[in-house]
Amino acid sequence: MTLEFRERRDYLSWGRVERRPQRVARPASRRDLAPLASGGWPRLAVGLLRSYGDSCLATGASLLDLTRLDHLLAFDDETGLLTAEAGVSLGELMRIFVPRGWFPPVTPGTRFVTLGGAVANDVHGKNHEAAGTFGRHVAALTLLRSDVGEVTCSPAENAELFAATIGGLGLTGVITTVTLRMRRIASAYIDAEKLAYGSLDAFFELNAESEARFEHLVAWFDCTAGAANLGRGIFSRGNWSPFGDLEPHRDAGLLQLPVELPSFTINPLSLRLINAVYRANETRALGAHRLHYGPFFHPLDSVRGWSRIYGRAGMYQYQCVLPVPTAAAATHALLAQIAKSGEGSFLAVLKAFGALPSPGLLSFPMPGITLAVDFADHGRKTLALFERLDQVVSEAGGRLYPAKDGRISREMFAEGYPALARFARSVDPACTSDFWERVRP
Amino acid sequence: MTNPRRVLVLGALSAMAVATARLYAAEGARLVLAGRDAAALETLAADLRARGALSAEAVTADLATTSPDALLPALLVPLGGAVDAVYLAYGVLGDLGLAERDLTVAAQVIDTNYRSAALWCLAVAAVLERQRAGSLVVIGSVAGDRGRKSNYLYGSTKAGLGVLVQGLAHRLAKVGARAVLVKPGFVDTPMTEHIKGRRGPLWATPEQVAPTLRKAADGGGTVVYAPWFWRPVMALIRAVPSPIFHRTNL
């Protein structure tokens, strides 16, 4: 079989704002990718399309949907070293390896992400302080380049290309295989604790106090709360439990949001209501619990296609990181802007990044605080708010997460990512994305 | 723990066979994988071993043109000469338009999907009868339930195979062995990649169909639809009188 391309209108990014049709091929094996090594036709490899903005779209170029490249190539039961094709999802790895006492070293807030996508976005999880980014656990990977064909990269071999590929948004060539160090778990459960806190200062205190004792830390905050309550929310922390079985999650029987809800579903009024209900609900569940890793790490995965709740217009997520020295003041300023706007949504997350360095040239995490808030797309009003937020982030020396972005300016991207020019030298001349066309130097 | 299952997959590279073999691998089964593409079979064998299979052996053969007489015993050697479940998963959709104009194309579809598949079924049935145990699971199709102008040639081969499997089930029942026909509906595989509207509500993924194929080896009816809703749907479609059916464009 060779690559067959078709025009597809159902390949949308997670935010569902961009609606341009994509030219897509879905190869069945790595061998089908042979044509990539010859010919410079523009392309981008994609997986489960969980990037929010336009980093997983390539209008006018060709998308290679690699989700059928989902074979494991080798696994060492002694060391946990796994080599697999890039299209296998973290969720599938969990289903295979949890019963055998292994787990991916880092998991983002969704398990519907491929290995290739996790590398290309150098994803982070609730355990960033303890484990750093996903890329830190990648021992090696294989790239298929348009200019030199297949290349193996690792921290020791082709180190520059490796560093460019970790967090490199799929632009350094098509990632075909990944070698990952899995971690041991004794059970499928997390000993978790939820604490209500009343202010941003309280969040910082809780976080400082928890860092040494808990591997997993994150906070949900009520982005509609202003003034004295600014930043109030629910702090959640946990450790892998030594107790419990090794039962993996189930995806069958998940709720599915099959259609887009009307765009007015998320409005300032419904938002206050949703946040109040959520807060009340979480407050009832305060205290210590033993939770399965599914609801602990991936609560939103229980509703497939949840971003359709934002309707036809789609949604944005604004995720930035603010470096340690400016983090407290800048977080305060951002939260105040968001509360004042009455925008924002039910998903609003605060999390500290630790000091472990990110291995990628374009890796997003740096020591400090990351803030992520969903926004319904209300057109110019939303974009104007983002510009005010951008200003705060810029002044604080922070940056935005490309996996979530669909509108950042070229200048702001360059400012936030000092290694951009160096990265650009490793880009495969044939690889591109709508994001890259927007921000490339 | 029960003894590891011994499983032979004929046409192991079909998407539904891959998904089913992965379920067996997770149980720690021993598998033999037969198909045409040596490199892809080796990749699959490594995948199944990494997923927990006790063993997974790849055997390269064009089943559609190879006589089961010599090959079947060889395929069973890595399993210790006996087998708990045999899956027959190969088949071609074929280009009906081309087959209508060129009978050699039609003959290929019939030879692969019916003639060779029927011979493999007969050979496997003889083994199961001798063992007085084990299951033959054959992948049929809802297309075999009623001939329609868009894929009647493919449908007829699967219908013929269905009657054969039914007969084998009857024959094997007295010794305690089994034969099952599983009829999937629309499944999103490389074979159906060209069909439009592939994300509609009637479509299933191979991973959704696989548990049905897995369970079919352990017990249940002789004819199984996957997903289950195709049974009433096809009953309805079979019941539509021809004068009305002929006006549809199915």
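What percentage of the 250 residues in chain B is buried? In this predicted model, buried residues account for 44% of them. The secondary structure of this chain consists of nine helices and nine strands.

The overall dimensions of chain B come next. Its C-alpha trace extends over about 55 × 40 × 35 Å along the principal axes. The radius of gyration is 18 Å, which agrees with the value near 18 Å for a compact globule of 250 residues. Of the contacts in chain B between residues at least 6 apart in sequence, 68% connect residues at least 24 apart.

One helix pair in chain B can be followed in detail. Helix α5 (residues 103–131) of chain B packs against helix α6 (residues 152–173) of chain B at an angle of about 10°, and their axes are 9 Å apart. Angles under 35 degrees count as roughly parallel, and α5(B) and α6(B) are therefore roughly parallel to each other. Residues making the contact include Ala106(B), Val109(B) and Ile110(B) from α5(B), and Leu153(B), Leu161(B) and Arg171(B) from α6(B). By class, this contact of α5(B) with α6(B) comprises 16 nonpolar, three polar and three charged residues.

Chain A is assigned two domains, domain 1 (72–185) and domain 2 (189–409). Their C-alpha centres are 24 Å apart. Domain 1 of chain A gives 30 residues to the contact, and domain 2 of chain A gives 29 residues. On the side of domain 1 of chain A that touches domain 2 of chain A, α1 (90–97), α3 (128–131) and α4 (159–165) of chain A each provide at least two residues. The residues of that side of domain 1 of chain A are ten nonpolar, 14 polar and six charged.

Notes:
Residues numbered from 1 in each chain as written. Chains lettered and ligands numbered in written order. Predicted model: local features only at pLDDT ≥ 70, side-chain atom pairs only at ≥ 80, totals over all residues. Helix = DSSP H or I, 4+ residues; strand = E, 2+ residues; numbered from the N terminus. Rg over C-alpha atoms; globule rule 2.2 N^0.38 Å. Buried ≥ 20, exposed ≤ 12 C-beta atoms within 10 Å, placed from the backbone. Contact = placed C-beta atoms within 7 Å. Axes fitted to C-alpha atoms, helices over the stretch in contact; angles between N-to-C directions. Parallel < 35°, antiparallel > 145°, perpendicular 65-115°, else oblique. Nonpolar A, V, L, I, M, F, W, Y, C, P; charged D, E, K, R; others polar. Domains from an automatic or database assignment.
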